Every structure is written in structure tokens, then in C-alpha cells.
Amino acid sequence: MKLSIIAVSRPVSVTVISIVVAVLGTIAVLQMPVDLLPSVEYPRITIETRYPSSSPYEVERLVTDPLENALAGVRGLRSYSSRSYGDMSRITLEFDWGANMDYTRLEVREKLDVASWSLPDAAERPTIVDYDPSSRPFMEILLTMDGGWTDITDFSRRVIATRIEQVDGVAACEVDGEATPAVYVRLHDGAIEELGINPASIASAIQGANAVSSGGQVRDGDKEFFLSLQGEFESLEDIENTVVGTLGVTPLLLGSIADIYISEKPPTEWASYNGERAIILRVRKMAEANTVEVAGDVKEILEELNLAHENVSLQIIQNDAEFIEESIAGVVEALILGGILAFGVLFFFLRDWRSPLILGLSLPLSIALALFFLYLAGVTVNIMSLGGLALGTGLLVDNAVVVLEAISRRREKGEDRVSAATSGTAEVGPAIVASTLTTIIVFFPVVYMEGITSQLFRDQALAVGSALLASLLIAVTVIPALAARIKKSKEADDVTGGMKEKYAGSMDRLLNRRKRVLFVTFLITAAAFFGASRLPMQLLPDTPADQLEMTFSAPEGTSMEQLVGLSATVNELAGLAGAQWTSGRIGVRADEGVDALSVSSFENSREASNAILPIRNGWNSAFSFPLQVGPRGTLLGEILGGGSGFTIYVEGESIDTDLQAANILAEASQNDVVGVISADVNYLPGKPEIVVRPDGELMELLGLTADGVADYLESLSRGIVATTYYRQDEKVDVMLLAGSGEGIPIDSIFQRSVQVNGTLIQVDRLVDTYVRQTPGFIEHYQGNRAVGVSIQGSGTNMAGTAEMITTLSDSLLRGEPVKLRTGAEIEEMDRTASSLILAALLAIALVYVLLAVQFESFIEPLIIMITVPLGVIGVVIGLAAFGQSWNALSGIGLVILSGIVVNDGILLVERITQLRKAGMPVRQAVIEAGRDRFRPVLMTTVTTVLGLLPMAIGFGEGAALRQPLAIAVISGITVATLLTLVIVPVLYSALVREKNPS
């Protein structure tokens with residue numbers, strides 16, 4: 001090869017360029033941003049529309065249905081679902097992966113603008129919310145300090161949150177568990193009735209007294225002044241001195257008929273830590289910000305604040321940056337350890353420190369050059385790009401091994417250093433070019449796959465491709481240049497010498513039994529393909545979590561105080577199960593769809609998994625409503641989805657019918673289907689609603705209005721917000737309450753009286769009341785009402801579990817007017833499986849085309865391609881032995897394997913062809929080629945296997961994402977190599993006739 005000749009003749013140039021490559025690679029990795037995963041544009045949009053003071057039924061009929069009908073025709077829409085809550089509609093649209101989301105948002109906005117004309121006047125404009133799980137709060141901070149809760153909340157907002165939000169890359173700092181102060185104007189019992197004052201008029205008087213307005217401009221000679229009326233309340237005394245009426249000619253002051261004080265509003269949300277009330281700050285980052293860098297900056301700010309305020313303690317209880325750092329460190333550790341193991345193999349086989357040293361230099365140079373290529377391509381440092389380099393660690397030295405082995409063999413035959421370096425490289429040059437290209441070319445179908453797989457593995461494909469191209473350049477330049485400078489050392493024993501002779505003898509016997517060998521191989525391959533169909537299947541592997549998420553929805557009418565007590569019980573159960581800490585949030589129905597949500601952290605994922613059953617059993621023994629307990633999705637799991645969880649939707653004639661069938665299915669699935677941890681019905685009962693209907697005729701006769709009665713009832717039940725009181729720039733609502741205020745008994749409210757023309761009339765004579773029950777939300781899937789059943793499996797067979805549940809439902813729900821529909825998880829898994837099969841077939845076809853061009857033959861590439869099904873045998877054995885499933889990762893491993901396993905076949909067939917061109921008979925050429933290539937084939941296989949071994953074992957966080965791929969490649973290439981050394985020579989001798997190849 002001309003490039004090798006130039007490199008051998010110009011050692012100084014090679015040395016200088018190698019140093020430049022190392023420097024460029026170092027600079028590149030220091031400049032590349034660090035993140036957990038590649039930047040992915042998720043094809044999901046959520047439409048939120050608020051419709052105040054409405055029930056879920058009204059939201060569904062007046063808001064959700066019209067919007068769904070309009071959005072169903074958006075191009076590229078794959079599925080859509082919705083939930084209609086009281087006061088709000090939330091519609092989620094799922095599009096095809098790879099869709100241009102900018103154009104999609106424009107089309108969605110156009111559809112919404114048209115549909116908005118049919119919405120009620122009180123409904124707000126629909127809002128488009130992009131889905132991005134990486135934008136979730138990446139850090140949670142516990143704030144502890146002395147003082148009242150309103151003061152602590154004010155300090156957390158003014159000082160802590162403001163300071164954190166000043167950090168570059170921080171989008172927002174939210175405060176959970178905040179206490180809101182209010183000025184309470186609590187009217188004395190009976191004051192309204194006795195004085196005949198309307199609560200609405202009192203609120204109006206308070207608002208009018210707390211006035212700030214502009215009086216325009218006035219002149220004094222030639223000067224102009226602004227006139228401003230400043231009547232704001234400056235103290236509680238100002239509120240007490242507000243005139244709200246008259247007693248004869250005497251002004252009636254508010255302080256004479258009401259108690260006025262500042263206190264905390266009844267909390268609608270509550271945060272806790274280890275069972276105690278707490279303030280927790282949740283930090284979100286900007287979309288393009290580096291999580292690790294932002295987290296480091298926030299840590300520095302927290303240290304400064306802890307030092308500046310002695311009575312304040314800020315403790316980080318959740319930090320996704322640590323997960324990212326551990327994940328990256330795990331991949332780097334696997335890469336380094338894999339390189340060391342591969343380097344050790346070279347010493348074992350070559351028994352000479354100089355040759356392995358040359359190969360050892362090729363590895364960091366190849367990685368440095370690959371990093372420079374990745375930097376130019378705009379790739380970040382993430383677990384996928386580094387995983388690609390770790391995947392290629394064993395492959396990086398393959399080309400160098402083959403070249404160095406060919407040079408060493410020629411040196412042993414007596415050639416001088418320079419001649420052996422150039423001619424040895426030229427001998428194997430076509431083979432290593434072909435093997436490198438076959439490995440790279442299999443990534444093209446992966447890049448063009450559908451689904452999240454193609455989005456995630458683009459970086460890995462670029463990393464492997466860059467590394468292999470770099471290793472090829474190093475192998476044909478640096479390796480021969482260095483080998484040409486090494487003096488001949490004393491001959492070392494070939495550790496494979498004995499194995500070579502035994503192998504050659506075995507092949508001589510096997511060539512006499514070709515039909516038997518091929519038949520046995522066919523049976524083994526058929527059994528492997530049958531076994532492949534029996535392996536469990538899921539979209540993506542489970543990501544082990546050391547935290548549990550526990551949620552519950554309490555019975556109808558449960559108060560906030562009772563919810564706090566129930567949440568404390570959850571904390572106690574988690575502590576008994578071994579939790580290190582537990583944080584909780586109460587009153588998150590609008591955001592999370594439940595009343596309370598708690599997160600418990602355990603020492604490791606195994607302890608977290610073992611705690612699920614004790615917590616659930618402890619809860620069930622005390623309460624009749626369920627507590628949902630399951631692994632909390634890690635940052636990786638939330639981004640990727642997948643795992644063993646999926647949803648099945650029950651669609652029928654009514655919500656009651658759907659709910660009944662869903663409960664039957666959930667109970668049977670949890671009790672009768674093997675591998676189901678939990679089956680939870682996605683139904684949330686709403687709180688009871690008291691409907692008040694005024695007697696229109698009677699109120700007309702008495703001169704009352706419905707608004708007046710409503711204001712009176714509001715003042716009795718929850719109070720009227722009369723105005724805003726500013727306390728040191730803090731807005732504080734002024735709440736007007738009648739009598740005992742919030743939480744007054746229902747009977748007491750309607751037995752109270754209003755004054756009409758000097759006469760007291762009880763409220764219950766003016767209105768009729770009744771109680772009605774509403775669901776917490778109404779769910780739609782693909783435009784139809786449905787009740788979802790969330791299934792959480794314990795194993796890896798999501799497809800099998802779904803099939804068993806579907807089969808069970810056929811007999812269980814026979815006769816019920818409902819039908820089942822699998823959710824998006826199963827559809828995505830099926831779509832990904834089909835896409836992977838297509839990618840594998842396309843990769844095999846591309847490899848065959850490349851080999852046909854390389855060998856200018858139809859038969860020889862076909863012989864080499866027999867290594868692919870041989871690799872499948874190993875993949876099936878490896879996945880079954882280590883309890884892995886067919887998923888996107890192991891499927892990618894199979895696709896990659898189809899480009900790797902052919903390398904051994906290429907080396908053998910290339911050498912057989914060379915020997916036949918030299919005039920050697922087919923049988924003898926087959927045996928001699930096997931003897932010549934036995935050591936390089938064995939070395940390249942062992943270095944690849946050991947290079948991937950750390951990934952297969954699983955180091956650091958996110959190891960579950962790398963293990964299936966590594967196991968598939970290791971097991972596939974190991975079995976394929978052993979069988980290739982036998983089957984390729986046998987098949988070659990069977991298909992190629994004895995003739996002069998020229």
C-alpha cells in the first residue's frame with residue numbers, strides 16, 4: 001500500500017503527526033460538552049386548556065372533544081390521549097420519530113386556532129407544552145431554618161431561590177411546601193345578620209380604602225406636578241380603621257365588627273422530609289445547559305449561603321448530576337479496563353514486549369483521532385458516544401494485530417525490516433480495509449431506523465465508525481513505521497503452535513466429513529433461531545432504581561390534615577423497610593394526578609425492590625384504598641422509557657362499565673399472571689360536590705340576587721379575597737371571613753341567616769342543595785373514553801406478559817361490552833422490533849455487496865456470510881444464559897455483530913485466495929490458510945471479547961443500557977469464531993471447485 005510505503009520512509013513525519021493527533025484529541029475531549037445522553041427531540045406535544053369552575057364532564061364535552069376532533073388530522077400523528085380534569089383539559093399527541101417538530105407545532109397551532117372558536121367563552125387559550133424529560137428538576141434541596149413557616153417561605157423565595165436562579169444555565173428554582181400568609185378579617189358571629197351588612201359591600205369598602213391611583217397633572221405657575229393618590233394600607237391598624245358602614249350617623253369601623261390578624265393560609269400543598277414538614281427547592285436547568293457544570297455552580301452557591309446564614313441549612317437530597325458523572329465514569333472505567341485487558345492479551349500471544357508496545361500505542365492514538373472526529377461532528381461526551389469507543393476498544397487493535405502479525409511472519413522468513421513492514425501491510429491491507437468497512441457499514445441502517453433507537457445510537461454509530469477509521473489509518477501508517485525501526489529480537493515460542501497443529505489435523509479429518517458437518521451446523525442454527533423466538537422481549541431494559549415512588553388517592557372528602565397523617569404513615573412504612581430518607585408532596589392532584597406522592601431512597605436497587613412488598617402489605621393491612629408502590633424512574637429511565645411497564649386500555653359504553661372491567665382485569669392480572677408485580681387502575685375518584693340551586697322566584701320577591709347569596713356563602717366557607725396588602729413588597733391577600741370561617745360544618749352554613757328588609761331568613765329556605773359525585777378525571781385514548789390499567793412486570797418479558805394478559809381478558813371479560821387496546825409502549829416495542837429486523841437484513845445485504853465488490857465473486861462472499869447465522873447462535877446462548885431479553889440494545893448488538901463476525905471469514909477466505917493464486921490445491925490451501933490465520937483470528941477475537949468484558953459485567957450507573965449490547969456481541973463473536981474456523985473452510989472446499997484461480 002502506498003500510504004504504508006510513505007509512512008515507513010518518513011518516520012519523523014509520522015512521529016510529529018502522531019503527537020499532533022494526541023494533542024488534538026486531548027483538546028477535543030476537554031472542549032466537548034458532557035451530558036447523560038445525546039440531544040434527542042421527543043416527538044410529543046401536550047395541549048393544556050384551562051376552563052375554570054367546571055367539572056370533568058363539562059371539560060370533556062366542551063373542551064377536550066372539540067380539540068381532539070380538530071387535532072386528529074395532524075400529519076404524522078401516531079397516537080393521542082387525553083385527561084379531562086376539573087378546570088383543565090390535557091391532551092398528549094405522539095408523533096413519528098424523526099418528524100420535523102417545528103412544522104408540526106405550526107400545524108397544531110393552526111388547528112387549535114380554528115378549534116378555539118368553538119370553545120366556551122370562559123375557556124382560556126390552549127397552550128402548547130413540549131415534552132422533554134431532561135427538563136425535569138435535576139436537583140432538590142432541603143431548606144432548614146428557625147422561624148415561622150411564612151417567614152421561612154419568604155426567605156426561601158427572596159434569598160435562596162433568587163440567588164440560585166442567577167446561576168448561568170438555571171431556568172427556574174421552584175419552592176415546594178411554601179406557606180402563604182394572609183390578612184384575615186374574621187367577622188364577629190352574628191354581626192352581618194344584626195347589622196344587615198352584605199359581605200360583598202364590606203369587601204368593596206376594604207378594596208376602596210386600599211387605593212392607589214393617578215390624579216393626573218397639576219400646575220403651580222410655570223411648574224407641573226404629578227398628582228398621585230396614596231391610600232394603601234401600611235399596617236393592620238389602617239385596615240381596622242376602614243369605614244364599612246354607619247350606625248345612624250356614626251361611622252362603623254371594620255375593627256369593631258371583626259378580628260384582624262396575619263396568619264398562614266390553609267395549605268393546599270404540603271412538602272415533608274422524613275415525616276416532618278419541610279421546604280424543598282427544586283432546580284430546573286435550561287435546555288442546552290450542561291447539567292454537570294450547572295450542578296457544580298449551584299453547589300458553590302449553596303456553600304456560600306450556608307456560610308453567610310448561620311441559622312440556615314441547605315442540604316442536597318437529589319442531584320441528577322451525580323448520576324450523570326457516575327454513568328460517564330462507569331463507561332470511561334470500562335473503556336480503560338477493556339484497553340488494559342486487550343493490551344495484556346497481546347503480551348500473552350506475542351511473548352515480546354516490543355511488538356505489544358507498538359500495538360499499545362495504536363490504541364490511545366486511535367481514540368484521540370476518533371475524539372477529534374467526534375468533536376468536528378458536534379457529538380457530546382455521553383454514555384452513548386463513550387460506549388461506542390468502549391465497544392470499539394477490542395476492535396481498535398484488530399487491524400494493528402493483523403498487520404503486525406503479517407510483518408512478524410515475513411521477518412521470520414528472513415525479510416529485512418523495511419521490506420517486511422511494507423510487504424506485510426500490503427498483504428493484509430485489502431483484508432483489513434474490507435473488515436473495517438463491513439463493520440462500519442452496518443451502522444448505516446441503524447441511523448435510519450425508526451424510534452428512539454435511531455436517535456440514541458447516532459452518536460454511538462459515529463463513535464464506532466470514527467474509531468475504526470482511525471484504527472485503520474494508524475494500522476497502515478504508524479504500525480509499519482514503528483515495526484520497520486525494531487531490530488529483530490530473539491524468536492519467541494508461539495503459544496498457539498500446538499493448537500495450530502491440532503487444528504490443522506482436525507480440519508484434515510473434518511474435510512472428509514463435509515456433509516455431516518454442514519448438516520449438524522444446520523440443525524444447531526435452526527435450534528438457535530427457534531430459541532430466539534422463545535426469548536423474552538421488551539422495548540428497552542429496566543434501569544435499576546435505588547428509589548421507590550409511592551402514591552395514593554384518598555377517599556372522597558379527605559381533608560388536608562388527614563392527607564398529612566396518611567403521608568406520615570407512608571414515611572413510617574418506608575423507614576421500617578429500610579429507607580434512608582423519604583420526601584413527600586401532598587396536594588398534587590392537578591399536576592401528578594394523585595393526592596400525595598412520596599419518594600424513598602434506599603442503599604441500592606436490590607433493597608429498594610425488596611421493600612415494595614412490605615410497604616404495600618403494611619398499607620393494605622391498615623387502609624382500604626390502595627397505595628401504589630414502584631421503582632422511581634431514574635433520569636435515564638425517564639428519558640428512555642421502556643422497561644417492564646406498560647398500559648392496557650379498557651374501552652366500553654360508559655365510565656362505570658370501563659371501571660368495572662378494568663378492576664376485574666387488574667385483580668386477575670396481579671393474582672394470576674406470572675411476572676406481574678402490580679396492576680393499578682388509572683382512575684381517580686373526585687371529591688363530592690355540593691350543588692346549590694337558588695329559588696329564583698322567592699329571591700326575586702325578596703329583592704335578593706344569586707351573586708349576593710354566592711358571596712355570602714363564599715365568605716362562610718372559604719372567605720372572600722377583598723384586596724391585596726403589601727408587606728415589605730410581599731403581596732398578602734386580605735381575606736374576609738364570616739364567623740368561624742373555613743371548614744364550617746355543612747349544616748351550619750345553610751342554617752345561617754341573611755337579613756332581608758329587617759327580617760332574618762335562613763339560607764336553606766332560599767336554595768335547594770344536593771350532593772353529586774364526579775370522577776377525578778376522564779381519560780381518552782385515540783379519541784375514545786377509556787380506563788387504563790398500568791402493569792408493572794418483574795421480569796424482562798414485556799411482550800409475553802402483555803400476551804398473557806390479553807389471553808386472560810378474552811375469557812375473563814367475555815360478554816362484557818368492552819374491548820382492550822394496548823398502549824403506546826407495546827406499539828413502540830413492536831415498531832422497534834420490526835425496524836431492527838429490517839436494519840439487520842439491510843446490514844447483511846450491504847455487507848454482502850461490499851464483499852462482492854472486494855472479492856469480485858458471488859460465491860466467496862456467500863461463504864463469508866455464513867458467519868452471520870453462526871453469530872446468532874452465540875447471541876441466543878448468551879442472552880439466555882445471562883437472563884437478558886430481546887430489546888433495542890441486544891437488537892443493535894446483533895446488527896453490529898453482523899459486521900464484526902465476517903472479519904474472521906474475510907481473513908480466512910482472503911488467505912485461501914492468495915494461496916490458490918500461488919498454485920496450491922483447494923484442500924491444501926484451506927488447511928494452510930487456517931494454520932496461517934489461526935493466531936490473528938484468535939487474537940482479534942480475544943481482544944474484542946476482553947475489551948467488551950467490562951461493559952458486559954456492568955460498571956457504574958446506566959450499566960443496564962450497555963450490558964445487553966456487550967453480551968450479545970461477546971457471546972456472538974465467541975461462538976462464531978469457533979464455528980467459523982471449521983465451517984468456512986468446509987463450506988469453501990464444498991462450493992469452490994478445483995481449478996486455476998487465474
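Begin by selecting residues 922-953, which form helix H33, together with residues 959-991, which form helix H34; in this predicted model the two helices pack with their axes 9 Å apart and at an angle of about 175°. Because angles over 145 degrees count as roughly antiparallel, H33 and H34 are described as roughly antiparallel to each other. If you then colour the contact of H33 with H34 by residue class, you will find 18 nonpolar residues, six polar ones and one charged one.

A search of the whole structure finds six cavities of 30 Å³ or more, and the largest cavity has a volume of about 200 Å³. To find this cavity, select Asp398, Asn399, Ser435, Asn903 and Thr940, which lie nearest its centre among the 19 residues of the lining. Then show helix H13 (393-412), helix H14 (417-441), helix H32 (902-917) and H33, the elements that each give two or more residues to this lining. Which helix gives the most to the lining of the largest cavity? That helix is H14, with five residues. By class, the lining of the largest cavity has nine nonpolar, eight polar and two charged residues.

Finally, select Ile655, Asn682, Tyr683, Phe777, Ile778, Glu779, Ala786 and Val787, the residues that line the second largest cavity, where about 60 Å³ of space lies. Strand S29 (residues 777-781) provides the largest share of this lining, three residues, and by class the lining of the second largest cavity has six nonpolar residues, one polar and one charged.

How values were computed
Residues are numbered from 1 along each chain as its sequence is written. This is a predicted model: local features need pLDDT of at least 70, side-chain atom pairs count only at pLDDT 80 or more; totals for chains, interfaces and linings use all residues. Side-chain values use heavy atoms; hydrogens and water are left out. Axes are lines fitted to C-alpha atoms, for helices over the stretch in contact, and angles run from 0 to 180 degrees between N-to-C directions. Helices (H or I, at least four residues) and strands (E, at least two) are DSSP runs, numbered from the N terminus. Angles under 35 degrees count as roughly parallel, over 145 as roughly antiparallel, 65 to 115 as roughly perpendicular and the rest as oblique. Ala, Val, Leu, Ile, Met, Phe, Trp, Tyr, Cys and Pro count as nonpolar, Asp, Glu, Lys and Arg as charged, and the others, Gly among them, as polar. On a 1 Å grid over the protein atoms alone, a cavity is a set of points where a 1.4 Å probe fits but cannot get out, and a pocket is an open set with protein on both sides within 12 Å along at least five of seven lines; lining residues have an atom within 4 Å of a point. Grid points are joined across faces, edges and corners, and a volume is the space filled by probe spheres set on the points.
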